[in-house]
Amino acid sequence: MPTTCALCRRVIPDERIADPQALQEHHLRPEERATSPTVMLCRPCHEQIHALFTNEELREAYDEIESLRSADRLQGYIEWIRGTETLEISVETSRRVRER
Ligand SMILES: [Zn+2]
Ligand SMILES: [Zn+2]
């Protein structure tokens with residue numbers, strides 16, 4: 001089974017799985033790291049989530065990957081990232097691309 005990002009579902013190549021620049025663990029309840037369930041996200045998705053939502057919003061409304069995946073604010077991003085191959089997009093780049 002290939003490792004995929006829990007949000008965008010892109011496949012993380014085996015040789016990048018141990019690389020924190022490619023694959024990161026997201027705590028669905030950031031303020032309760034010790035007990036929070038976690039999901040594995042590619043770095044662009046992880047950065048995007050924390051750029052768009054405060055920890056409070058994540059705790060109140062997005063503590064499940066399903067609710068993140070269907071969040072209005074993420075739809076444009078998810079559609080865009082699914083069409084790209086790279087795992088190393090900064091939030092700045094994605095913002096520029098989406099405003100075009
Ligand atoms: Zn992703
Ligand atoms: Zn996180």
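## How two helices cross

Helix α1 passes helix α4 in a right-handed crossing. This is a predicted model. Helix α1 spans residues 43-52, and helix α4 spans residues 72-82. Their axes come within 11 Å. They cross at roughly 160°. Angles over 145 degrees count as roughly antiparallel, so α1 is roughly antiparallel to α4.

Which residues of α1 and α4 meet? From α1 come Pro 44, Cys 45, Gln 48 and Leu 52. From α4 come Arg 73, Leu 74, Tyr 77 and Ile 81. Sorted by type, the residues of this contact are six nonpolar, one polar and one charged.

## The nonpolar core

The largest nonpolar core holds 14 residues. Seven members touch the most other members: Cys 5, Leu 7, Cys 8, Leu 41, Cys 42, Cys 45 and Leu 68. At least two core residues come from each of β4 (38-42), α1 and α4. The largest share is from α4, with three residues.

Cys 45 belongs both to this core and to the meeting of α1 with α4. What does Cys 45 contact, leaving aside its neighbours within four places in sequence? The partners are Cys 5, Leu 7, Cys 8 and Ile 81.

## The whole chain

The protein chain has four strands and five helices. Along the sequence, the pattern is β-β-β-β-α-α-α-α-α.

The chain has 100 residues, and 20% of them count as buried. Now take the contacts between residues at least 6 apart in sequence. Of these, 49% join residues at least 24 apart.

Definitions and conventions:
Residues are numbered from 1 along each chain as its sequence is written. Chains are lettered from A and ligands numbered from 1 in the order in which they are written. This is a predicted model: local features need pLDDT of at least 70, side-chain atom pairs count only at pLDDT 80 or more; totals for chains, interfaces and linings use all residues. Axes are lines fitted to C-alpha atoms, for helices over the stretch in contact, and angles run from 0 to 180 degrees between N-to-C directions. Angles under 35 degrees count as roughly parallel, over 145 as roughly antiparallel, 65 to 115 as roughly perpendicular and the rest as oblique. A crossing is left-handed if the near helix is turned anticlockwise from the far one by less than a right angle, and right-handed if clockwise. Two residues are in contact if their C-beta atoms, placed from the backbone, lie within 7 Å. Ala, Val, Leu, Ile, Met, Phe, Trp, Tyr, Cys and Pro count as nonpolar, Asp, Glu, Lys and Arg as charged, and the others, Gly among them, as polar. A nonpolar core is a set of buried Ala, Val, Leu, Ile, Met, Phe, Trp, Tyr and Cys residues joined through C-beta atoms within 7 Å. A residue is buried if 20 or more other C-beta atoms lie within 10 Å of its own, exposed if 12 or fewer, and partly exposed in between; C-beta atoms are placed from the backbone.
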